[in-house]
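Here is my note for your first look at this model. Keep the sequence and the 3D view open as you read, and check each point by eye.

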Amino acid sequence: MSSVVVRHSLGSYPVYVEPGILGRLGELVGEHLPGRRVAMIADEAVHQLYRAGRLGGSRWDGETLTFPPGERSKTRESWSRLTDELLRLGFGRDSGIVALGGGVAGDLAGFVAATYMRGVPYVQVPTTLLAMLDASVGGKTGVDTAEGKNLIGAFHPPVAVVADPLALATLPDREYRAGLAEAVKHGLIADREYFEWMEREAERMIARDAAALGHLVRRSVEIKAEVVSEDEREGGRRAILNAGHTVAHALERATEYRVPHGEAVGLGLVAEAALATALGLATPEAGARVVALLERLGLPTRVREPVAPDRLLAAMGRDKKNRGRAIRFALPRGVGAMGPGPDWTTEAGEPAIRAALRVIS
Ligand SMILES: NC(=O)c1ccc[n+]([C@@H]2O[C@H](COP(=O)([O-])OP(=O)(O)OC[C@H]3O[C@@H](n4cnc5c(N)ncnc54)[C@H](O)[C@@H]3O)[C@@H](O)[C@H]2O)c1
Ligand SMILES: [Zn+2]
């Protein structure tokens, strides 16, 4: 079975990308969580599909804890309810966790695993495109607070990631397309050839063509794996993965998460490419190609509901990447190239940021 290997300070883990692999989940969990008492923590809606056999493969017959779908479940309240439930069920230090669902399940169940009994191992089973090609790789876990996204969390790499592209068949179109925005980001930040492949294959990507989907998930996982293996704790180059995300997190927060993460990332890429151009870092070509590709992939390049720039700027002030009060961005120099190093982020002033936000409003 082929896999992409992700390295981190304590070892490494495989990311299996294979159609039908969910049918072997029990076997893989046994292999990667040997001798452990395993609990599945799942997005309730995904769990129903899974139980009905709609995601393919066999069914999980171990203990299962669920939470209501959506970003609103990524909270300390969910974390305390889930950990209390595990305690009540008598799960000990020899536990293991299986996280089933999209990026919310991965971040929330991963944070439970990171903190339960000071940390127990977990296997990620991403079921959205966004989680398969981005969120499940890299070991970042956490929850949101009223102050912003992902502000409470921990680095806790999984012991394995099991990604089955066949499980995406039930994913609503809007969620599927949202995941494509992270793939566009991967091409933009690290791989011009991959970006050009997307420009050629946009139609097959939208149609969820099996071969296109396989390449998409695998290439994105390889890029993310390469970046996070080099810089696990974001001291340097890992910051490039934040491309589009300074604006994206602000959009999510300012709209109370009505804009899904992936859509916000697409909009963020457009605004931040415009910012890079205004700052003289990139030529207008990169931004124009990002806009054209997102449009062909059916992703918005302008916000669907008006959002006051003041609210976005205020939300950006809370971004974790900021040192002191300055607002910093991970900006492209061109398609496939980020910069400049060594810290990979660039400071921008308020007038330039306001001008960039006008491009997406
Ligand atoms: N840890 C990281 O490195 C990282 C990276 C990127 C994003 N994220 C986080 O990921 C989250 C977004 O993830 P997401 O977009 O997957 O959201 P999500 O987990 O909320 O899933 C989106 C929706 O799809 C449904 N769904 C999931 N799989 C399905 C399937 N196979 N069929 C039908 N419906 C299905 C879910 O019930 C949910 O309603 C955000 O919180 C973001 O911050 C984390
Ligand atoms: Zn993201």
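1. Strands themselves are DSSP runs of E with at least two residues, helices are runs of H or I with at least four residues, and both are numbered from the N terminus. A hairpin through two residues joins strand 1 to strand 2. Within this pair, Val 6 stands opposite Tyr 13 in strand 2.

2. A word on the model before going on. It is predicted, so to speak of a local feature a pLDDT of at least 70 is needed, side-chain atom pairs count only at pLDDT 80 or more, and totals for chains, interfaces and linings use all residues. Residues are numbered from 1 along each chain as its sequence is written, chains are lettered from A and ligands numbered from 1 in the order in which they are written, and side-chain values use heavy atoms, with hydrogens and water left out.

3. Now follow strand 2 to its other partner. Strand 2 (residues 11–17) and strand 9 (residues 160–163) run parallel, joined by three bridges. Val 15 stands opposite Val 161 in strand 9. Tyr 16 has Val 162 as its bridge partner there. Is strand 2 mostly covered or open? It is mostly covered, with five of its seven residues buried. Buried means under 20% relative accessible area, exposed means over 50%, and partly exposed is in between (1.4 Å probe, protein chains only).

4. Seven strands form an open sheet with mixed pairing, in the order 1-2-9-6-5-3-4. Strand 1 (3–8) and strand 4 (63–67) stand at the edges with a single partner strand each, so one side of each has no neighbour in the sheet. From one strand to the next, the twist averages 20°. As a general rule, strands of a sheet pair through backbone hydrogen bonds, either parallel or antiparallel.

5. Two helices lie across this sheet. Helix 2 (residues 44–51) lies across strand 3 (37–43), strand 4 and strand 5 (95–101), and runs at about 110° to strand 3. Helix 4 (residues 103–115) lies across strand 3, strand 4, strand 5 and strand 6 (122–126), at about 165° to strand 5. The angles run from 0 to 180 degrees between N-to-C directions, and the axes are lines fitted to C-alpha atoms, for helices over the stretch in contact.

6. Look next at ligand 1. It is surrounded by 27 residues, and the closest are Glu 71, Thr 127, Thr 128, Lys 149 and Thr 170. A residue counts here if one of its heavy atoms lies within 4 Å. A polar side-chain atom of Thr 128 lies 2.6 Å from an oxygen atom of ligand 1. An oxygen atom of the ligand is 3.0 Å from a polar backbone atom of Val 104. A nitrogen atom of ligand 1 is 3.0 Å from a polar backbone atom of Lys 140.

7. Met 117 has phi near 55°, a positive value in a residue other than glycine. Met 117 sits in the loop between helix 4 and strand 6, and is partly exposed at 29% relative accessible area. Tyr 257 has phi near 65°, again positive in a residue other than glycine. Tyr 257 lies in the loop between helix 9 (245–254) and helix 10 (261–278).

8. Finish with Gly 244. It is found in the loop between helix 8 (210–230) and helix 9. Is Gly 244 buried or exposed? It is buried, with a relative accessible area of 1%. Not counting residues up to four places away in sequence, Gly 244 touches Ala 264, Val 265, Gly 268, Leu 269, Glu 272 and Ala 330. Contact means heavy atoms within 4.5 Å.

Notes: Two strands pair if DSSP finds at least two bridges between them. A polar contact is a pair of N or O atoms within 3.5 Å; within protein, one must be able to donate a hydrogen and the other to accept it, and residues adjacent in sequence count only if both atoms are side-chain atoms.
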